[in-house]
Amino acid sequence: MVKEISTTVIWELLKTIPDPEIPAVSIVDLGIVRNVEFNNNQLKITITPTYSGCPAFSFMKEEIVRHLETDGITNYQIDISLAPPWTTDWMNDAVKTKLKKSGIAPPSLEVACPQCESQQVEVISEFGSTACKALYKCLDCLEPFHHFKQI
Amino acid sequence: MAKDSLYKYVLALGDDALILGQRLSQWAYRAPFLEEDIALSNISLDMFGRANLLLEYAATLKGNGITADDLAFKRNERQFTNRILFERPNGNFADTMVRQFFLDAFYKLFLQKLTGSKDEQLSAIAQKSIKETAYHFRHSSKWVIRLGVGTAESHTKVQSAIDNLWMFTNELFEMNEIDNEMLQQKIGVDCSSLKQEWIKIIDEVLAEATLKRPENIHMTTGGREGIHTEHLGHLLSDMQYLQRAYPDAKW
Ligand SMILES: [Zn+2]
């Protein structure tokens, strides 16, 4: 029995998978899912890592597998592509708003405090709790915050 | 034959990244302060990620069911072909930062060239890695400057780190038979052509840091041929312990 499913259904399904380290956004939001297609009834999903050493990446792949199989999809393959390399340019404005609402300054060359919008900020460390974030401090409201590094 | 050369070329690049990643991971829980602990762990992870991409590629080139883990955990010291600077001990914080600074500056130039490789997989790995290296370089070069213009003690320590590590830098620009073959096939990089530019980067940072570049130092080599310093064996015995004691153990 082959279930009739479209790529749209798959995209919707993938949008329900949160990033394990930043659950406010999904793996689709972050641009990790690069392509979804069917070839002769076989589903092919192409994903790309954010940082080459990102420890969450293999977990994301497992999550995709788990979600597909829960939905009864068994005829699939997951490809990993490296080029073009992942960039924060693949995040749209809606995604950036989601990041900001969860207290993370979205990728930008002009970093602003996600609490008070002040641009009077300073870097505490270029390397934050995950590979994709840097640690900042707001000089106006004095709150520390993460900036999603622009790459 | 050509495939075997490509395998050896990719493996050597993977060994460089793996050994440096392992070295940096030895700072976890030991760095001077929390932010730096996190920074060094992050850079270590990037290097492990780079090593993983390269060793997985090497494993597919080798075939016979060989995996990246086999390459990382089941080879002996003499079979590792990382260049010596990558295996140098962490020493004090200045020693680690100078090693990183020399290597980040090298990677910046090397990866830029490698993005133009005719080999699609190597080019893709280079495109990915170069973005990370830009961050690493900013971090390590800033530290070299901060230590250079910091206190008299930090200045002395960072200068002596430079003096002690300098003898391992020339190996970065050497070309062996495999390098030449890969260069000829437009797959590999002409490392010897990077030296001048590298010196320029080093000089700019050292000038700002009020530090001196050593001259007339005897240069050592051998890593690419499997001839290492006594430190690599200790690193491997730690890194490979689990797989040696419990072969094929999985998480
Ligand atoms: Zn603020």
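This is a predicted model: local features need pLDDT of at least 70, side-chain atom pairs count only at pLDDT 80 or more; totals for chains, interfaces and linings use all residues.
Local features are reported at pLDDT of at least 70 and side-chain atom pairs only at pLDDT 80 or more, whereas totals for chains, interfaces and linings use all residues. Residues are numbered from 1 along each chain as its sequence is written, chains are lettered from A in the order in which they are written, and side-chain values use heavy atoms, without hydrogens and water.

**View 1. The cis peptide bond between Ala83(A) and Pro84(A).** Omega of this bond is about 0 degrees. Pro84(A) belongs to the loop that connects strand E3 (76–80) with helix H3 (93–101) of chain A; helices (H or I, at least four residues) and strands (E, at least two) are DSSP runs, numbered from the N terminus. Most peptide bonds are trans.

**View 2. Positive phi at Tyr29(B) and Asn64(B).** Most residues other than glycine have a negative phi. Tyr29(B), not a glycine, has a phi of about 70 degrees and is found in the loop between helix H1 (2–25) and helix H2 (34–62) of chain B. For Asn64(B), phi is near 55 degrees; this residue lies in the loop between H2 and helix H3 (68–73) of chain B. Tyr29(B) is exposed at 82% relative accessibility, and Asn64(B) is exposed at 76% (buried is under 20% relative accessible area, exposed over 50%, partly exposed in between; 1.4 Å probe, protein chains only).

**View 3. Helix H5 (residues 93–114) of chain B.** The 22 residues of H5(B) should span 32 Å, and the end C-alpha atoms are 30 Å apart, which agrees; the expected span is 1.5 Å times one less than the number of residues. Of these residues, 19 of the 22 are buried, so H5(B) is largely enclosed by the rest of the structure.

**View 4. The contact between chain B and chain A.** Chain B contributes 22 residues and chain A 20 residues (contact: heavy atoms within 4.5 Å). About 1900 Å² is buried between the chains, 63% of it from carbon and sulfur atoms; buried area is the accessible area (1.4 Å probe) that two parts lose on being put together, summed over both. In chain B, Lys128(B), Lys131(B) and Tyr135(B) lose the most area to chain A, together 36% of what that side buries.

**View 5. The salt bridge between Glu126(A) and Arg138(B).** The N to O distance is 2.8 Å. The interface of chain B and chain A has two salt bridges (a side-chain nitrogen of Lys or Arg within 4 Å of a carboxyl oxygen of Asp or Glu).
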